[in-house]
Amino acid sequence: VDRNLYYERFKGKVADQAALDALRQAKAAGLGSLAQVSDERLQELVQEKKQRLADLLEEQPPAVYQDAVSLIRNTETAGILMAVGSKNPLIPDVARRLELAASFAAIVTSDDVPHDKPHPGSFWVGAEEMMVHPAETAVVGDGPEDGEAGANARVGLVVLVNREGTEANRQALLRTDPDVVVDDLNEVTVDRLREWMAQAPQ
C-alpha cells in the first residue's frame, strides 16, 4: 500500500467511521437484530458507546506513566516534532486531561484509520501530519504490535520498552526485530534517541 495514497484517502476520515462501518457490515450480513436497525440508529449507537467510554474515563482515569510524560516534555523542549499512533480512541481526551495535547503535531487513533497496528497506517498518517517521511521518524512503544507497525511503516528507528519486566515479554518484543529494547523508559532520552537514530541502518 502506498503511504501517500493511504494518507490522502483517510486523513479526512470522520471520527467513529470505522466502528460505524463495522456495524453496517454486520447489518448487511443479517447478524442478529442489527438487520432491523436503521442507519441513523447505528450512528446513535456508535456515539453512545463513545460517550460511555468518555464517562468511564472521568470515573476511572487511566494510570499515567510519569516517565512517559517526562520524555514527552523533554522531547518537546528539544524542539522535536511528535505524533501519537494508538488504537485507543480516547487518547485525545487523555492527552487533554494531562495538558499534553498541544505537545503533538498529530494524535492518530482507531477513529482516524481503518486498520489497527500492526498495520502501519497510524504511523503513516502521523508522519504526514508532521510533514516528514517515515524513515525520518522514531517509534517508541511498549508492545509487539508497535514494533511490527514500525517495521511495516519503515520508520527510521524502533525503540520498545519492556514495561512488564519479564523475560517472556522481552523475547516477544525482540521477535519484532526492533532497533533497541529497554527495560525502563527512563533509559530513553532525547540525546540517546538522536544517537540511536544516527546508528540505525538506513
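Arginine 96 forms a salt bridge with aspartate 93, with the closest N and O atoms 2.4 Å apart; a salt bridge is a side-chain nitrogen of Lys or Arg within 4 Å of a carboxyl oxygen of Asp or Glu. The model is predicted: local features need pLDDT of at least 70, side-chain atom pairs count only at pLDDT 80 or more, and totals for chains, interfaces and linings use all residues. Residues are numbered from 1 along each chain as its sequence is written, and side-chain values use heavy atoms, with hydrogens and water left out.

Arginine 96 and aspartate 93 are separated by about one helical turn because they lie 3 residues apart in helix α5 (residues 91-97). Helices (H or I, at least four residues) and strands (E, at least two) are DSSP runs, numbered from the N terminus. Arginine 96 is exposed, at 52% relative accessible area, whereas aspartate 93 is partly exposed, at 23%. Buried means under 20% relative accessible area, exposed over 50%, and partly exposed in between (1.4 Å probe, protein chains only).

The whole structure holds 5 salt bridges. Another of them joins aspartate 142 and arginine 163, the closest N and O atoms being 3.8 Å apart. Aspartate 142 is in the loop between β3 (138-141) and α7 (144-153), and arginine 163 is in the loop between β4 (157-161) and α8 (167-174), 21 residues apart. Asp67, Asp142 and Arg163 are linked in a network of salt bridges. Aspartate 183 pairs with arginine 170 at 3.1 Å between the closest N and O atoms.

The chain has 9 helices and 5 strands. Of its 202 residues, 40% count as buried.
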